[in-house]
Amino acid sequence: MGFFAIFNAYTMRICLSVVITQLVVARNYTKDKLQDEVICPVLEYDDGKFLPGGEYDWSQQLQGYVLSSFYIGYVFSQIPGGVLAQRIGAKIVLTVGILSTALCSIATPWTIVHFDAIGLICLRIIMGFGEGPTFPALACLLSQWVPVTEMGFIGAIVLGGGQIGTIVGNTICGLILAHFTWDNVFYVFGFTSILWCILFVILCYNDPASHPFIKPSEKEYLRSIMGEISRRQDLPPTPWSSIFSGAPIYALICAQIGHDWSFFVMSTDLPKYFNDVIQLPIDKNGFFSSLPFGVMWVSSIMSGYITDHIIRRGAVGITKIRKINTFIASMGPSIFLVLASYSGCNRFHVLACFTIGMGLMGPYYAGMKLSPMDMTRNYSATIMGIVNGVGSLTGVVAPATVGLMTPNTTIDEWRLVFWVAFIMLVISSVVFVIWGTGERQYWDDPEKIAERKQNKT
């Protein structure tokens, strides 16, 4: 159910990236224009027939604002969502968040028709605010249910819902847009998410101790490995000063920023790149935009399984394996994203570079993505909220920046976009390798915090 929470969240989040290519007025390139500008020829070019478009005359800059507006609300609900998940339980926080996002998705067509881009921007901000608590709430659930020796594999499966959501979202969008009107995209994903909310409320609980149907033997197994299996009701307030007094939190934030920048560029703008630069028709755009994320998902599962095996054998410590995975997941994509921009209009080479690059990003989910659960069990939702919240600022900045950097949507303009992603990934990975950690932090134990305060006095 955790997997499908992120799956539904991502389908509702990213479907606009594909739909917008059919909402806006198509760019009508003449043959002279195609020769003069660094723009690929239209696939299956035929007697002046161009890629279909819509009726909304939105500039590239405005499209960037529309796509980035979601993350304005997304940023501001991360930390409050994490704190609420710790206080009242992750189940209700996650349910309300997904439900509100679903209702916004269903309301999207009506908003576009009646209020144009400005109304859509406002609705996407509200939608992002509802979806913001998703990762903090799931971090809380994972820390309560999953032993550290199984966290790599199970965590990769749950967090990998984002990749599968992106795959299904892009693919289903392409199919729906090829055969039906664009408003059906938002209805399909919105009502599917409401169905998930109903099932989640019936089937899932905050922790093993409160689950009425779990077997006693399963409870004993979890208790023998994890110790306490119930959510602490007497948890002291979040130790903010202790959290921010050490380098690990800043290394984690930095790694998240680098990852999110490149991931948001890919998940938000890859359909636009294939549509505006590579000139793929919409039915092919959805599949080709999905393929890199499918490989990324497989890679994340494999790296999670291998990581758990290494940790169980004691061959490598948790901190070291998290750093190795994060380094691979940064350097690989950074290189292949740049190579894609130098592949010109060779569609096979471009797709191969994107696919390999995103595949190498998979180990992130057995790397720094699991560090909040490594560092703390009691405050993992808050740490995830802090890290994911700051990282999500790139969701506001990246799509808007891409819109500003690609006013003419040429290959040369997009090449600069991918070089910026290269720099972000490399710098962030170096910082995490130096200062990151996978060890339990002292401030996770309220008694240790009290001891430190007494020693200082």
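Me: What percentage of the 457 residues in the protein do buried residues make up?
Reply: Keep in mind that this is a predicted model. Buried here means under 20% relative accessible area. Out of 457 residues, the buried share comes to 58%.

Me: Which residues have the most contacts inside the largest nonpolar core?
Reply: That core has 111 residues. Helix α1 (residues 2-23) gives the largest share of this core, 14 residues. Those with the most contacts inside the core are Leu94, Phe263, Tyr273 and Phe354.

Me: Which residues does phenylalanine 354 touch, leaving out those up to four places away in sequence?
Reply: Let's take Phe354 on its own. Touching means heavy atoms within 4.5 Å. With residues up to four places away in sequence left out, the list for Phe354 is Met266, Leu270, Tyr273, Phe274, Pro292, Leu337, Ala340 and Phe418.

Me: Are α15 and α19 roughly parallel or roughly antiparallel to each other?
Reply: The axes of α15 (residues 318-341) and α19 (residues 411-435) come within 8 Å and cross at roughly 165 degrees. Angles over 145 degrees count as roughly antiparallel. So the two helices, α15 and α19, are roughly antiparallel.

Me: How do the residues of the contact of α15 with α19 divide into nonpolar, polar and charged?
Reply: α15 passes α19 in a left-handed crossing. Residues that meet there include Phe327 and Leu337 in α15, and Phe418 and Trp419 in α19. The contact's residues divide into three charged, five polar and 16 nonpolar.

How values were computed
Residues are numbered from 1 along each chain as its sequence is written. This is a predicted model: local features need pLDDT of at least 70, side-chain atom pairs count only at pLDDT 80 or more; totals for chains, interfaces and linings use all residues. Side-chain values use heavy atoms; hydrogens and water are left out. Axes are lines fitted to C-alpha atoms, for helices over the stretch in contact, and angles run from 0 to 180 degrees between N-to-C directions. Helices (H or I, at least four residues) and strands (E, at least two) are DSSP runs, numbered from the N terminus. Angles under 35 degrees count as roughly parallel, over 145 as roughly antiparallel, 65 to 115 as roughly perpendicular and the rest as oblique. A crossing is left-handed if the near helix is turned anticlockwise from the far one by less than a right angle, and right-handed if clockwise. Ala, Val, Leu, Ile, Met, Phe, Trp, Tyr, Cys and Pro count as nonpolar, Asp, Glu, Lys and Arg as charged, and the others, Gly among them, as polar. A nonpolar core is a set of buried Ala, Val, Leu, Ile, Met, Phe, Trp, Tyr and Cys residues joined through side-chain atoms within 4.5 Å. Buried means under 20% relative accessible area, exposed over 50%, partly exposed in between (1.4 Å probe, protein chains only).
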